[in-house]
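Subject: Handover of a structure

Dear colleague,

Please find the structure below, together with an account of what was found in it. I would be grateful if you could read the two side by side.

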There are 2 protein chains.
Amino acid sequence: MTVLQILKRRRSVARFEPEGLLLTREMLEELIGDACLAPSDFNLQPWRFVVVRDRERKEILYDCAYKQEKVRQASAVIIVCGDAFGDRRAAEEAAEAVQTGALDQAQATQLVEAIHRSYEGNDVARFAMAVRDPAFAAMSLMLLATERGIGTTPIGRFDDKALRRAFAIPDRYFPVMLVAMGLPALDAPVPPRGRRLPPSEVVFHEGMGGAEP
Amino acid sequence: MTVLQILKRRRSVARFEPEGLLLTREMLEELIGDACLAPSDFNLQPWRFVVVRDRERKEILYDCAYKQEKVRQASAVIIVCGDAFGDRRAAEEAAEAVQTGALDQAQATQLVEAIHRSYEGNDVARFAMAVRDPAFAAMSLMLLATERGIGTTPIGRFDDKALRRAFAIPDRYFPVMLVAMGLPALDAPVPPRGRRLPPSEVVFHEGMGGAEP
């Protein structure tokens, strides 16, 4: 199926058949690995994924997510995190590029400088990176899962503090969202797609003059 | 082609053939419309897109983006913005759901309250929504373009203030990134894909204990 067909097929699953699919550790690592083909700033890959499959751990996650049933119904829930200090990998990334012949030493030095210039003292850029790049991977993950017949739902509502504590997420990582995965409830109809705003409300040409302030 | 094949085919284009493709206003609106099939928190669709096709406007955008050549070489550049006040659409979205029969009146009232609870006084959630959801749409846009043979490159480095001024972007919108689109330079080889971190470095199971602090 084409990307467009998969985009059309994807729905945010409201209810899962409780643990209705067996999603193995290996399958999930493969799906996440493929999702990481998404691009990231300077290829810093500031994304981390916590796979939650264990029933007791899902109960804890369910509490962190304001008791949304789909969290414990899902076969697996992925906590998608962003690394707000992705730029710490700058030197490693540059050395890699030299090794593969993609950059020479002078270019690698420039790359490291450009990365530091982009993020040092710029908390907004840092936070944007730590949300945007993991979101690219999460969107890819949802499409890859849809293509394999796995239902998904993105979840943005959870108690950040409780989640960090329960899942030992260090300060440098930002929990961006959860992706619940599993078999959509068999007795639930395919939910209608929420209406999308028409292009006239979201697309502007050459400038944003006239946008709602 | 499958989503995986498209993910593998996508590369961040380093150089475009200067204005090498004719990307019409209609084509771009259609692509963006399809990309908006991506999910968003409460279907608030906090994304806006500024399509830049005009040569003089691209020159200005090039200046805002620290003179990255690909900005003015591209046939079109999309400024992807997030709406930090997407929750202002809560009532509208709830009314829509009542009209289509998806929710009854009591549920609609609960929805509006849930939306307000999620964002009011929570600037982090607000900002995360305004980056994450537009990033879902941007990732979808890059995949849809790749499938149609259009080269893309995501650009995260630009002068936020200069961009806002030049493109009349009101305070409530956050410029998340640029997506440059066009024909990859004909004399440039397909760039090698940057190495991806192995699953052992980005995937954790049941908790993040052991992650680099």
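**A buried arginine in chain A**

A:R72 is buried, since 20 other C-beta atoms lie within 10 Å. Please note that this is a predicted model. The residue belongs to helix α4 of chain A, which covers residues 69-73. Leaving aside residues up to four places away in sequence, A:R72 touches A:K58, A:E59 and A:Y62. With A:K58 the separation is 14 residues in sequence, while the C-alpha atoms are 5.4 Å apart in space.

**Chain A as a whole**

Chain A contains 9 helices and 5 strands. Read from the N terminus, its elements follow the order α-α-β-α-α-β-α-α-α-β-α-β-α-β. Along the principal axes, the C-alpha atoms of the chain fill a box of roughly 60 × 45 × 35 Å. Of the 213 residues in chain A, 49% are buried. Among contacts in this chain between residues at least 6 apart in sequence, 80% join residues at least 24 apart.

**Helix packing within chain A**

Helix α2 (residues 25-35) of chain A packs on α7(A) at an angle of about 125°, and the two axes are 8 Å apart. This angle makes α2(A) oblique to α7(A). Their crossing is right-handed. On the side of α2(A), the contact is formed by A:L31, A:I32, A:D34 and A:A35; α7(A) supplies A:A137, A:S140, A:L141, A:L144 and A:A145. By class, the residues of this contact are 7 nonpolar, 1 polar and 1 charged.

**Where the two chains meet**

Helix α7 (residues 123-147) of chain A also meets helix α7 (residues 123-147) of chain B: their axes come within 8 Å and cross at roughly 40°. That angle makes α7(A) oblique to α7(B). The crossing of α7(A) and α7(B) is right-handed. The residues in contact are A:F127, A:A128, A:V131, A:R132, A:A135, A:F136, A:M139 and A:S140 from α7(A), and B:F127, B:A128, B:V131, B:R132, B:A135, B:F136, B:M139 and B:S140 from α7(B). They comprise 12 nonpolar, 2 polar and 2 charged residues.

Over the whole interface, 70 residues of chain B are in contact with 70 residues of chain A. Two or more residues on the side of chain B that touches chain A come from each of α1 (3-9), α2 (25-35), β1 (47-52), α7, β4 (173-182), α9 (199-202) and β5 (203-205) of chain B. The most come from α7(B), which gives 12 residues. This side of chain B has 41 nonpolar, 13 polar and 16 charged residues.

Apart from residues up to four places away in sequence, B:V77 touches B:V52, B:K58, B:L61, B:V71, B:L178, B:V179 and B:A180.

Helix α3 (residues 55-64) of chain B has B:K58, B:I60, B:L61, B:Y62 and B:C64 as its buried residues. These buried residues pack against β1, α4 (69-73), β2 (76-83) and α8 (160-166) of chain B. Just after α3(B), B:Y66 has a positive phi of about 50°.

Yours sincerely

Methods. Residues are numbered from 1 along each chain as its sequence is written. Chains are lettered from A and ligands numbered from 1 in the order in which they are written. This is a predicted model: local features need pLDDT of at least 70, side-chain atom pairs count only at pLDDT 80 or more; totals for chains, interfaces and linings use all residues. Two residues are in contact if their C-beta atoms, placed from the backbone, lie within 7 Å. Axes are lines fitted to C-alpha atoms, for helices over the stretch in contact, and angles run from 0 to 180 degrees between N-to-C directions. Helices (H or I, at least four residues) and strands (E, at least two) are DSSP runs, numbered from the N terminus. Angles under 35 degrees count as roughly parallel, over 145 as roughly antiparallel, 65 to 115 as roughly perpendicular and the rest as oblique. A crossing is left-handed if the near helix is turned anticlockwise from the far one by less than a right angle, and right-handed if clockwise. Ala, Val, Leu, Ile, Met, Phe, Trp, Tyr, Cys and Pro count as nonpolar, Asp, Glu, Lys and Arg as charged, and the others, Gly among them, as polar. A residue is buried if 20 or more other C-beta atoms lie within 10 Å of its own, exposed if 12 or fewer, and partly exposed in between; C-beta atoms are placed from the backbone.
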